[in-house]
Amino acid sequence: MQRTDLLNRLWEFQNKFGFISDIAVAEIAQELKVSKIEIEGVISFYHFFHRQPTGKYIIYLNNSIVSEFKGFQEVKAAFEFETGCTFGKYGQSQLFSLFETSCIGLSDQECTALINFYPVTHLSTDKVRTIVNQLKIGISPNIIANNVASLVQHIPPQNKSVFFKNYSIGNSLKNLKNKSPQFILDELKKVELAGKGGAFFPTAQKWEISKNATNAEKVVICNADEGEPGTFKDKTIIENLPGLIIEGMILAAYVTGATTGFIYLRAEYKYLQSKLENAIIDFYQHNLLGVNCCEIKHFNFDLQLQIGAGAYVCGAETALIESLEGYRGEPRLRVQYPTENGYLGSSTIVNNVETFAKASRIIEFGSDYILSIGTEKSKGTKIICISGDVAKPGIYEIEWGTTLRELLRLSQATAPYFIQSSGPSGDCLNESDFDRKICKEDLLCGGSLMIFNRTRSILQILENYIKFFLDESCGSCTSCRVGNQILLAKIEKLKKGICTTQDLNEIIEWGTIMKKTSRCGLGQFSSNTFIQSISKFENYFNVIVTSCTDNCNVEFDMENAVFDYDQLIKKT
Amino acid sequence: MQNISFYIDGRLCTADKGLNLIEAAKRNGIFIPTLCHFKHLNPLGSCRVCSVNLNGNGIAGCTVFVEEGMNIEVNTPELLDNRKAILEMMFVEGNHFCPSCEKSGDCQMQNLGYETGIRYTRFPHLFVDRLVDARPERIVVNQNRCIKCKRCIEEIVTNDGYKVFNFTNKGKKTTVSIDYEQEAKLTAAQAEYAMQICPTGSILVKGKTFSKPFGNRIFDQGAEGKTVPFNKVNMNITKGRKMRIATTSLAGCFGCHMSLLDIDLGILDIIEVVEFHKSPLTDIKKFTERCDIGLVEGGCCNTDNIEVLREFRKNCDVLVSVGECAIWGGVPAIRNTIPLEECLREAYLDSLTSEGNATVIPNHEDIPKILNKVYSNHEVVKIDYHIPGCPPNANHIWSVVKNILFEEEYSINYPEFKYD
Ligand SMILES: Cc1cc2nc3c(=O)[nH]c(=O)nc-3n(C[C@H](O)[C@H](O)[C@H](O)COP(=O)(O)O)c2cc1C
Ligand code: SF4
Ligand code: SF4
Ligand code: SF4
């Protein structure tokens with residue numbers, strides 16, 4: 001067994017026995033000739049791996065903020081009541097194990113859960129009762145599962161759309177042998193294709209670096225780990241247009257000379273595994289993958305699927321590579337780029353699902369077509385997923401340059417107040433941003449909008465975010481691991497109502513230190529929304545903190561401090 | 001190797017191309033503090049203490065390899081503060097009770113605390129209950145002190161090449177765990193090496209630890225600082241009367257008060273320029289006059305402490321937390337990782353000397369209530385200054401007092417700065 005097979009091997013045990021036993025750990029450690037603690041380290045990094053026996057049905061209930069606002073607490077209580085189990089506890093029942101999990105990419109259908117990785121949506125207390133009863137009488141989760149395809153709510157007119165158009169296999173690869181890699185790069189450069197995974201890195205530049213790299217091996221990886229809460233745009237592409245992704249990867253391989261490709265799919269999307277696998281098979285059958293593929297001599301490109309195991313940070317490209325190699329998904333140091341030293345030392349390009357899909361559309365339709373759509377600096381269209389307090393949550397393909405107000409109107413937002421763009425690591429927006437255009441010149445959006453109305457508590461939103469980050473931090477850097485915990489302490493203080501404007505200043509200072517000193521994007525951006533919200537929602541904070549200048553009085557919550565003692569004396 | 005030139009804080013430096021920045025800086029006489037960086041190890045980039053700016057962007061210094069023309073900032077005010085903040089984060093994440101730590105005086109983390117001048121931690125202490133693991137054969141791992149620098153993970157391997165330590169879990173639960181099977185294979189020398197490379201007191205060797213103090217307290221040498229004459233003060237500031245001092249001991253051990261008196265005859269100089277008002281030293285119980293300065297020893301563990309502290313804030317112009325207990329809870333805060341109920345049950349109901357059903361948890365309207373945890377004074381009222389130490393050195397305390405009252409410049413001597 002190779003180290004790179006570790007994740008799959010662990011999945012085998014997890015799927016077969018419901019947990020990974022001591023014996024399994026010892027066996028794997030022996031095969032890999034490493035100490036057991038190394039295997040433990042990997043297992044405990046991923047939250048879908050268990051070291052204790054689980055029930056026949058493992059239920060993962062999504063605790064994202066949208067879910068919280070759509071009845072998470074009631075649904076959670078209902079699961080506990082109906083199954084007689086407690087969340088996060090092992091060994092309470094042969095039948096059920098309950099766990100919370102971060103966003104599973106179904107924000108448009110909350111509350112949602114995965115039962116043995118089959119999704120159930122629009123959960124209510126009644127629905128939970130029905131589901132649990134069905135499971136008890138032996139109806140299998142794949143029958144209970146809901147169809148979770150997100151509604152595509154909006155597509156631009158035919159002459160302006162890019163993604164949601166007719167698709168037939170291999171369109172972008174037609175005549176590839178007569179197109180030079182340079183031609184492909186030039187086309188991408190013309191439309192200034194930028195990465196859609198959040199960092200907006202110029203795609204052609206990445207491919208070109210890898211093309212020119214002298215590494216013996218080259219690898220293309222599709223990042224389908226979409227873990228940013230509130231984001232499900234990649235899911236929709238996998239659901240509707242899996243072929244586009246594969247074509248994009250083939251184009252990339254053609255440019256760089258890669259022979260191996262991986263699609264790293266988050267385990268939360270396991271129900272889409274067969275969709276992708278079937279698409280891959282289809283491509284092999286059309287000779288678009290494999291040896292001498294696309295009718296090009298010596299162009300050999302193989303593609304495989306890797307299922308993640310529950311770790312948001314594995315979406316960070318170097319963490320993803322570590323994970324593929326069979327290690328803990330800790331982001332690498334910024335010493336070398338993956339294009340210089342990536343998967344097993346190869347020159348590796350990692351791109352987002354939407355990036356690959358768009359690349360293939362650019363080649364299919366030609367850069368002229370794409371250039372006719374969008375703004376000066378952002379060409380073509382963008383897929384935006386909308387959730388929260390809107391009547392029409394789902395997928396919106398929009399021309400770059402569309403205003404936020406237009407999107408709010410299309411999605412029928414009700415009293416929009418606090419808008420989260422690009423997930424918790426992104427930006428929060430208020431009314432003054434409504435007329436901004438979504439494009440590089442103005443408001444860059446990674447693809448997700450969570451819309452919260454006036455009745456929603458901003459503190460609750462921020463608390464949910466910080467808790468997400470402090471669980472999902474890989475734990476390597478002090479500033480990220482500890483920083484998120486001390487920000488949570490501030491939220492708790494804010495909730496007690498004993499904060500002054502001094503505390504708000506500290507939040508900004510502390511958050512800035514985290515930003516400056518963390519290794520990867522997680523720690524660099526986890527305090528972003530908190531910091532922004534303080535100025536964007538000044539009125540909200542003015543109500544909950546005491547304003548003061550230099551010599552702030554410190555408030556102390558005596559009632560809370562003696563509560564435990566009073567309770568104990570009453571009891572004894 | 002090609003010789004290249006680069007800049008640190010605007011100063012021209014030279015080194016071999018590709019040399020690690022920490023080393024390169026050192027060779028040019030510039031010190032960049034680190035905790036995880038270790039000689040020949042590949043950069044770990046975990047502790048973040050060496051944060052610098054490279055061409056304007058923040059990065060861990062240990063992960064930089066110098067190249068021609070690089071522009072590096074090391075000691076800007078912001079970077080100095082960030083570095084200090086990261087150390088403070090380590091102090092609040094773990095449970096560092098230096099006075100009871102075997103490594104105190106030899107500890108690289110403690111030393112950097114002195115180096116960066118941490119008087120108090122700006123962040124709230126997390127007080128998470130952590131394991132002291134004595135299950136291994138040769139070593140004890142005290143998780144309260146581990147800063148997750150990964151040195152041991154990278155460096156400690158058995159003779160047949162197996163790792164002994166590794167990270168487990170992630171996020172706030174990240175822990176450095178031990179492989180007991182592999183640990184048992186370590187030789188005595190290897191175990192001792194593990195203890196040595198650990199920059200904190202997390203890894204200790206069994207037997208060795210407690211039978212004799214190890215190390216020479218390398219960070220702890222030098223003169224204690226000279227006694228300063230206390231009566232030579234700038235009388236222009238004396239308001240035409242002696243300065244008034246109040247002192248109190250809250251949840252402390254009176255050690256800081258002992259230290260106050262520890263200047264021997266110096267006290268005679270002091271009472272020429274100051275007078276003591278409410279204080280255990282005078283036995284004055286109530287404030288009748290406003291005081292210029294209040295010295296508070298100990299933190300707040302019960303409701304009476306809170307009241308006294310609030311009284312002090314009301315009646316003193318300047319309020320100073322003296323000693324670790326006042327600053328962040330100190331030794332009494334050892335209980336902060338354990339729920340109050342468990343503590344009180346153990347102390348009053350379930351202890352060896354309490355007879356079944358015959359004892360109660362003390363409670364009466366006349367006695368103060370115990371707080372859910374020990375609070376630092378600055379969580380309760382505004383504190384103007386902090387004097388670290390357990391206890392702080394007498395000269396140090398009085399120098400600070402003199403400096404505050406008579407507006408004099410005073411720089412703290414390195415050996416006077418103590419957390420233990
Ligand atoms: C904590 C973290 C999580 C990330 N998650 C994802 C993700 O789920 N999907 C993704 O495509 N990129 C994610 N990224 C960005 C990737 O590191 C990388 O920039 C991206 O995959 C590159 O592809 P692109 O150039 O096509 O955008 C994440 C980055 C960080 C720091
Ligand atoms: S910033 Fe956070 S997630 Fe990123 S490497 Fe550091 S600890 Fe890990
Ligand atoms: S001496 Fe070092 S390891 Fe020990 S408690 Fe103090 S700082 Fe922590
Ligand atoms: S035990 Fe010591 S060497 Fe190991 S990670 Fe913790 S502090 Fe570092």
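C111(A) is found in the loop between β2 (96-101) and β3 (113-115) of chain A, where strands are DSSP runs of E with at least two residues and helices are runs of H or I with at least four, numbered from the N terminus. The peptide bond from E110(A) to C111(A) is cis, with omega near -10 degrees. The model is predicted, so local features need pLDDT of at least 70 and side-chain atom pairs pLDDT 80 or more, whereas totals for chains, interfaces and linings use all residues. Residues are numbered from 1 along each chain as its sequence is written, chains are lettered from A and ligands numbered from 1 in the order written, and side-chain values use heavy atoms, without hydrogens and water.

A cis bond also joins C390(B) and P391(B), with omega about -5 degrees. P391(B) is in the loop between β17 (385-387) and α13 (394-405) of chain B. In chain A, N292(A) lies in the loop between α12 and β8 (302-307). The phi of N292(A) is near 50 degrees, a positive value in a residue other than glycine.

Ligand 1 is surrounded by 18 residues, the closest being G197(A), E317(A), N351(A), N352(A) and T355(A); a residue counts if one of its heavy atoms lies within 4 Å. Polar contacts are pairs of N or O atoms within 3.5 Å; within protein, one atom must be able to donate a hydrogen and the other to accept it, and residues adjacent in sequence count only if both atoms are side-chain atoms. An N or O atom in the side chain of N351(A) is 2.8 Å from an oxygen atom of ligand 1. For a polar side-chain atom of N223(A), the distance to a ligand 1 oxygen atom is 2.9 Å.
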